Amino acid sequence: MRHLPKTLFLVLLAAPALAQGTAPTINFANYYSIGDSLASGFVSGSLVVTHQVNSAPAHIARQAGITDFQIPSISEPGIPIELRLTAISPAPIIAPKATALGAPTNLGLTRSYNNLAVPGATLADALVRIGGDNGLHDLILRRRGSQVAQTVAARPSVITVWIGNNDVLGAAVRGQAIDGVTLTPAAAFRSGFQTLITTLNATGARVFAANLPDVTSIPFVTTIPPVVVNPSTGQPVMLNGSPVPLIGPSGPLPTGSLVTLAASSLLAQGVGIPTALGGRGTPLPDEVVLDPTERATIVDRVAVNNQAIRDICATANVPVLDMNALLRTLSTQGQVVGGVTYTNAFLTGGIFSYDGVHPTEMGYAIVANEWIRMMNANGGSLPEVDLLPFTGISAPVSRSSVVPHTAWEFTPEAYAALLAAFPTVDRP
Amino acid sequence: MLSASLRWSAAAAAALLLLAAHRSEAAGFAIFEQGARGMGFAGAYTAQAADGSAIFHNAAGIAFLKDRQLYIGGTLIRPSAAFTGAEPFPGPTVTEKGDVGLLVPPSAYYTHPFSERVAFGVGLHTPFGLETKWADPDNYSGRFISTRAALKGFSVNPTIAFKLEDRLAVGVGLDVRFSSLQLDRRVPVVNPFTQRIVDGAAVHLKSDTNTGFGFNVGVLAKPSETLSIGASYRHKVKVDYSGEATFEPLSTGNSDLDLRVRASLPSGALPLATSIEFPGFASFGFAKTFGDWTFEADVNWYQWNTFESLRLTFETDPRLNETIEEDYSNSFQYRFGLERVLNDSWAMRGGYFFDETPSPAASMSPILPDSNRHGFCLGGSWTSGTVRLDAAAWYVRAAERSTEGANRDSYNGTYKSHALTLGVSLGYSF
């Protein structure tokens, strides 16, 4: 009994340390990823193994030492066929790099893939969809259950979830912000996300979530200015000291409008350009333009959905990675790595791939390190991803010990068919 | 301390010595090798200042010098530096080396007593200098930050000193600081065909040799035959630089891209302006003689907070303006030296110094990766009549130091360096 007071004293000393102390370590024995194209490693309009192995979840798994992180790998040139840049002069031309699709190479796996993220998936898809799209849902989920159902059944120890981008992205890509059509209604998003987090937390796994970037900051909508540009200089054509707005569905595009990359082939044909400046004088269709109201609707919806994510995750004690801030940094000041500033500029920023929506491998590696930093702040101890292999910067050393990495391969073989995804863009 | 190289050349008319010393001898880009006798005391020489190098160490010292004296010499410096990367960039498999060269900062002093109480002197020395140069600039992983940074210069330092009493003197000097600056690096370009970085151009920033003015003061007291106490202060000096930047296009491997890169680069030389405020510094020391032995201990204080940033201003193209943050803090150095006189001709010395880095971890960059330094010093003298020859060697070890993931250009890792220096000075009284 003489020791009791001392024991109590030690307990009292220890209690505050436990209360405010570090989070328990993270057990990476069984890691699953839920998400959409951004978690799948989708690059340049394509899901292809070359890039799937460098998705953010694949990086996290590699840094955690997981050797059996299974992915729904698809052979070159991917599904859809990966886009490439075929020329920059006189104008950049982006086209599929082949004519025949790649094929799934891991369909025989007798368990669920660790990376269950399906390109195109919305929040509702992640919760309930099991396939039936005759596309990537079928290839990745294989009718074994929804992303969430398969994850729960796998009894994971760690889950990352980055879903909801397609609940707003459709509005930006399709140039139309229509609630219930291109935008998931806010109430439905909140209740779906609540279900998602409640379900995942109930597995006992450590759950890490990410919020939604502002999809009006992606090059798909920021590259083409809403004014007539002189193709030889890349500068706006000035008339009486002012730039000349492109013609939209309701007349000259108001200031603050966004024009999507999908408008590029139309602009090349003179659509949207006044006859006085050599255009056809016909309007750009609504699908390639976001007017200021649509733009504000999308930005507002991203903010509302992020508030839902923040609220729900805070209550559930789930850390949230601020992807919104990451993209905002890239858009405003860029991100510096080794003295090189990476930005959200199309083709020249280094972060966004040829579809203008999805990151490059460098972009995904930076995203992976954001996840890792968040995990490390919550009990993890993963080394960050070595970015050098993704920069192209050589260093005067033997690099044999670096994780093997498949570089881009842009063979000069002439693939004749230039499918019409984003045929031309007015400026690099 | 990467590679520092020091060069000097004498222009016949102006007799200007241009030199860049490397930064391994004192933290930041301060240099303390100003005479081989003082070097033998590890630079603890403020309280003795017993030769022409007093013009650097303590202006009051020349009041005690007999006859006219010439004290000239130089220091050979062989620096060595290495860098090991850290995640996420450039990664732990990357190692880099300084491009080691041999550096030779000179020093020259002339002193002339006008009377029992008044002495005049003039010195040429290098209180600050830097050259950091990395091997294999085409492949160096930090080449978009810097491949070579050089701060060359010297001070011309006319000095006058007065004996107030037989054992007390004061001195004052005018510090005319000549300086030039050079920065080389690569310009990165995203190759749109590969979405990877390629070298679009090499940029060379080069200033003219510009001038700044300051002053220095010192006091030296000899309370007894065996004790001396000295203090000195050298004021900060601001140098405004004018110069130019040239962009040399490099082949990216794609001719269309080359055309675009060339079109986007400024053509010709762009006027460039910047400035550096060199820190002031103060020294305090005492020396005590016991028979054949003399001991000196000094403390130096450097006002490094003057080095907040390097602002590069391109008057004709403000988009290129850039501020390199440095954010230095004031720092101290501690120096201890011991001499034993063996006979009428020979003396031996040894010492140690600790030199505290003024640089925050975030400012450890390919331009100037700084850390605490330890110096181990040996020296000796031979005298014969009116001639004396001093020699000293320093081994300077810079503590291995990590950027702690905080580097401002996100170029992180651990720097490690050391330097071997050999100083020789020849004195002549007449």
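Before I turn to the helices, let me say that an axis here is a line fitted to the C-alpha atoms of a helix over the stretch in contact, and that angles run from 0 to 180 degrees between N-to-C directions. What we are looking at is a predicted model, and the predictor gives the complex an ipTM of 0.85 and a pTM of 0.86.

Let me start in chain A, where helix α8, residues 166–174, packs with helix α12, residues 292–316, at an angle of about 175°, the two axes lying 10 Å apart. Because angles over 145 degrees count as roughly antiparallel, α8(A) is roughly antiparallel to α12(A). On the α8(A) side the contact is made by A:D167, A:V168, A:A171 and A:A172, and on the α12(A) side by A:I298, A:R301, A:V302 and A:N305.

Now to the two chains together: 34 residues of chain A are in contact with 30 residues of chain B. On chain B's side, the elements that each give two or more residues are β7 (168–191), β8 (196–207) and α3 (255–264), and the residues of that side divide into 15 nonpolar, nine polar and six charged.

Finally, a word on confidence, which for chain B averages a pLDDT of 91, with 94% of the residues scoring at least 70. Residues 1–25 of chain B, however, have a pLDDT below 50, although in the model this stretch has 111 contacts beyond near neighbours in sequence. Where pLDDT is low, predicted coordinates should not be read in detail.

Terms used. Residues are numbered from 1 along each chain as its sequence is written. Chains are lettered from A and ligands numbered from 1 in the order in which they are written. This is a predicted model: local features need pLDDT of at least 70, side-chain atom pairs count only at pLDDT 80 or more; totals for chains, interfaces and linings use all residues. Helices (H or I, at least four residues) and strands (E, at least two) are DSSP runs, numbered from the N terminus. Angles under 35 degrees count as roughly parallel, over 145 as roughly antiparallel, 65 to 115 as roughly perpendicular and the rest as oblique. Two residues are in contact if their C-beta atoms, placed from the backbone, lie within 7 Å. Ala, Val, Leu, Ile, Met, Phe, Trp, Tyr, Cys and Pro count as nonpolar, Asp, Glu, Lys and Arg as charged, and the others, Gly among them, as polar. pLDDT is the predictor's confidence in each residue, from 0 to 100.
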